[in-house]
Amino acid sequence: MNLIVTCARNLESETKQELLEKLDEMGDSEPKISETTMSGILTVETKIEPTLVVRKIRESILDEPWSIRYCLRIIPIQKVCNTDSKNIEETVEKLSEKIQEGETYRISIEKRDSEISSKELISNIASKIKNQVSLEFPDKIILIEILGQKTGIAIIRKIDIMSTEKTKRSISE
């Protein structure tokens, strides 16, 4: 999994088709798109760099707002691990080199179908990262997407996560 895509409930197959067409236009004619057990959430494996997919889809929306109708959010993922606190902490620690000296960060956790304590996870991860925290305007976001037994993790900039609604609204402003 290197992308998590959210869509409206019961529109998974339309979203899947939309993604297949967009990824094919970008050069990946054989992405693996899977529906999860959670309504409205798809996972995508593509050979295209995930933040590039987000950027290209954002450009597509800015050029033609209705070119994306079903995808609501597109979230790039850099690493996947089994959902267990120790695994998640170790994976974040390995990725933490993406936070440069002097950059601020924030930890964001989206949990679905899991009993892991977000507060404990945040505390354990933050204790290992020397950079300063900024909840309002972080340079980087440590994104932890827990989907049942699998967890996707990325250390990215806010602009690397795309909400199609916000992007469309920015056009009319």
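Visitor: What makes a pair of side chains a salt bridge here?

Guide: A salt bridge is a side-chain nitrogen of Lys or Arg within 4 Å of a carboxyl oxygen of Asp or Glu. By this rule the predicted model has 8 salt bridges.

Visitor: Why is the pair Glu90 and Lys86 called a salt bridge?

Guide: The N to O distance between the side chains of Glu90 and Lys86 is 3.9 Å, and the cut-off is within 4 Å, so the pair counts. Glu90 and Lys86 are 4 residues apart in helix α3, about one helical turn.

Visitor: Are these two residues buried, partly exposed or exposed?

Guide: Lys86 has a relative accessible area of 58%; exposed means over 50%, so Lys86 is exposed. Glu90, with 36%, is partly exposed.

Visitor: How do you know that Lys140 and Glu103 are buried?

Guide: Buried means under 20% relative accessible area. Lys140 has 13% and Glu103 has 18%, so both are buried. Lys140 forms a salt bridge with Glu103, with the closest N and O atoms 3.1 Å apart. Lys140 is in strand β7 and Glu103 in the loop between α3 and β6, so the pair ties together parts 37 residues apart in sequence.

Notes:
Residues numbered from 1 in each chain as written. Predicted model: local features only at pLDDT ≥ 70, side-chain atom pairs only at ≥ 80, totals over all residues. Heavy atoms only, no water. Helix = DSSP H or I, 4+ residues; strand = E, 2+ residues; numbered from the N terminus. Buried < 20%, exposed > 50% of the residue type's maximum accessible area, 1.4 Å probe, protein only.
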